[in-house]
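User: I'd like to learn how to read a few features in a structure file. Can you walk me through them one by one?

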Amino acid sequence: MSRIGRTPITVPAGVEVSVADAVITVKGPNGTMSRTLPAGIDVERDGDVLTVTRASDETRLRSLHGLSRTLVANMVTGVTSGWTKELEIIGVGYRAAAAGPDALDLALGFSHPVKFAAPAGVTFEVPSPTRVIVKGADKEVVGQVAASIRKIRKPEPYKGKGVRYLGEKVLRKAGKAAK
């Protein structure tokens, strides 16, 4: 058995979980999420505990067992407390400004400002012009939006200017050697 796959998932109060035809649906204060489970993977509910089981010890099912458990646990966490990714912007004149709860205006050294619209279910907070917080219920979407913002201007290795995750270390290169 997978150590991750056999770990039970506790369902907090106020969260509804339903499984029908290999589709698991989780409802909570932050919204509703659903996902289709792979064939051979089942989720059983016993009171406030969810357990993910597999039909056999086939290699494909063993590899999907822990993954499916983690995806279901991420759904439960997402509809209760949500997920966040923090980005920091480093560089002279580089800044971000909120254009509503679901859009950003970024000044990243281009000749034009960059407008970034969030997909459904994702919101932005800009506590300071050099910090952006991406929030949402779906961990995959939050991570992808943060990666897309970072991709607009990745941190460069000489001065470290660009958009990076909070706490990310950027490997710096030595500049041109003087004669």
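User: Where is Ala-22 found?

Analyst: This is a predicted model, so keep that in mind throughout. Ala-22 is in the loop that joins strand 2 and strand 3. Its phi is near 65°, a positive value in a residue other than glycine.

User: Is Ala-22 buried, partly exposed or exposed?

Analyst: The way to read this is by relative accessible area: buried means under 20%, exposed means over 50%, and partly exposed is in between. Ala-22 counts as partly exposed because its relative accessibility is 35%.

User: What about Asp-21: where is it, and is it buried or exposed?

Analyst: Asp-21 is found in the loop between strand 2 (16-20) and strand 3 (23-28). Asp-21 is exposed, because its relative accessible area is 76%. Asp-21 also has a positive phi, about 55°, although it is not a glycine.

User: How do strand 2 and strand 3 pair, and over how many bridges?

Analyst: For pairing, look at the bridges: two strands pair if DSSP finds at least two between them. Strand 2 and strand 3 have five, in the antiparallel sense. One case is Ala-20, whose bridge partner in strand 3 is Val-23.

User: Which residues pair up between strand 9 and strand 10?

Analyst: Strand 9 (residues 103-107) pairs with strand 10 in the antiparallel sense over four bridges. Among the partners, Leu-106 goes with Val-114, and Ala-103 goes with Ala-117. These strands form a hairpin with six residues between them, and Gly-109 in the turn has a positive phi of about 85°.

User: Which residues does Val-142 touch?

Analyst: Leaving out residues up to four places away in sequence, Val-142 touches Trp-83, Thr-84, Lys-85, Val-134, Lys-135 and Gly-136. Compare that with Asp-57: Val-142 and Asp-57 are 85 residues apart along the chain, and their C-alpha atoms are separated by 33 Å.

User: Trp-83 and Lys-85 are on that list. Which charges sit over rings?

Analyst: To call this, check the distance to the ring centre, within 6 Å, and the angle to the ring normal, within 35 degrees. Lys-139 lies over the face of Trp-83, at 4.6 Å from the ring centre. The charged end of Lys-85 sits over the ring of Tyr-165, 5.2 Å from its centre.

User: And how many aromatic pairs are there?

Analyst: A pair of aromatic rings is described by the distance of the centres and the angle of the planes. With ring centres within 6.5 Å as the cut-off, the count comes to one aromatic pair.

Conventions:
Residues numbered from 1 in each chain as written. Predicted model: local features only at pLDDT ≥ 70, side-chain atom pairs only at ≥ 80, totals over all residues. Heavy atoms only, no water. Phe/Tyr/Trp six-rings, centres within 6.5 Å; stacked < 30°, edge-to-face > 60°. Helix = DSSP H or I, 4+ residues; strand = E, 2+ residues; numbered from the N terminus. Buried < 20%, exposed > 50% of the residue type's maximum accessible area, 1.4 Å probe, protein only. Contact = heavy atoms within 4.5 Å.
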